[in-house]
Amino acid sequence: MEDSVELQIRGSRAELGPDGIRLKPRYLRKSVLIPWNNVMYVSPVPTVRRDGKDWISFRGETMTPEVLGRSVQFYLVRVAVHDRHVVLSSCGFFARAVFRASFLLKPLQSGPNETVHADQGCFRLDFDRSWVRKNGAKLIAVLEIVEKHSGFNSLIAED
């Protein structure tokens with residue numbers, strides 16, 4: 001298993017490693033680190049699950065680099081954080097606007113009729129689809145890193 005993996009996501013890059021998730025927007029020099037202790041959970045979309053040593057896609061296929069190269073098995077991950085304000089606290093006004101627009105950072109809502117949690121938030125990392133097809137092993141490494149440092153949950157939904 002790799003210690004860290006850099007992902008090509010829409011409009012930027014993200015690196016998942018032992019320290020957390022580092023977001024690197026394309027047009028900014030500054031990156032933002034979200035430490036694992038601020039991550040509540042990560043939700044691959046569509047969902048994947050662990051079966052022994054293997055990862056199983058929502059279609060029931062064992063995920064291998066070859067399978068991921070033939071078709072896109074999951075195309076984004078949603079990340080829920082305990083404190084969304086901390087994520088952008090080190091950024092200036094322009095950088096905050098870029099991060100909000102690039103990663104769609106918004107308050108986390110438990111359900112359609114539930115109250116919005118002001119501090120908690122979620123954002124999404126949309127994978128570049130051509131990159132996904134060429135880098136199946138890196139996607140599997142992402143699942144391993146998230147499982148090791150955080151956790152999975154498929155309860156995040158967007159309107």
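This note comments on a predicted model of one protein, point by point.

1. Basis of the model. Residues are numbered from 1 along each chain as its sequence is written, and side-chain values use heavy atoms, with hydrogens and water left out. Because the model is predicted, local features need pLDDT of at least 70 and side-chain atom pairs count only at pLDDT 80 or more, while totals for chains, interfaces and linings use all residues.

2. Confidence. The average pLDDT (the predictor's confidence in each residue, from 0 to 100) is 78 for the protein, and 84% of the residues score at least 70. Strand β2 has the highest confidence, with a mean of 88, and strand β9 (residues 106-109) the lowest, with a mean of 69. Over residues 154-159 pLDDT stays under 50. For that stretch the model has 11 contacts (heavy atoms within 4.5 Å) beyond four places in sequence.

3. The sheet. Helices (H or I, at least four residues) and strands (E, at least two) are DSSP runs, numbered from the N terminus.

4. Strand β1 (residues 5-9) is joined to β2 (residues 12-17) by five bridges, and Leu 7 has Ala 14 of β2 as its bridge partner. These two strands form a hairpin with two residues between them, and Gly 11 in the turn has a positive phi of about 85°. Strand β3 (residues 20-25) pairs with β4 over four bridges, where Ile 21 has Ile 34 as its partner. One face of β1 is covered, with Val 5, Leu 7 and Ile 9, and the other, with Glu 6 and Gln 8, is uncovered.

5. Which residues of α3 are buried? They are Ala 95, Val 98, Phe 99 and Phe 103. Seen down the axis of α3, these fall within an arc of 100°, so they line one face of the helix; the arc is that of the directions from the helix axis to the C-beta atoms. On the other side, Phe 93, Phe 94 and Ala 101 are exposed. Buried means under 20% relative accessible area, exposed over 50%, and partly exposed in between (1.4 Å probe, protein chains only).

6. Salt bridges. The structure holds seven salt bridges, each a side-chain nitrogen of Lys or Arg within 4 Å of a carboxyl oxygen of Asp or Glu. Glu 6, Arg 13, Glu 15 and Lys 24 are linked in a network. Within it, the closest N and O atoms are 3.1 Å apart for Glu 6 and Arg 13, and 3.0 Å apart for Glu 6 and Lys 24. Glu 6 is partly exposed, at 30%, whereas Lys 24 is buried, at 16%.

7. A link across the sequence. Asp 126 forms a salt bridge with Arg 10, with 3.4 Å between the closest N and O atoms. Asp 126 lies in strand β10 (residues 116-126) and Arg 10 in the loop between β1 and β2, so the pair ties together parts that are 116 residues apart in sequence.

Terms used:
Pairing = 2+ DSSP bridges.
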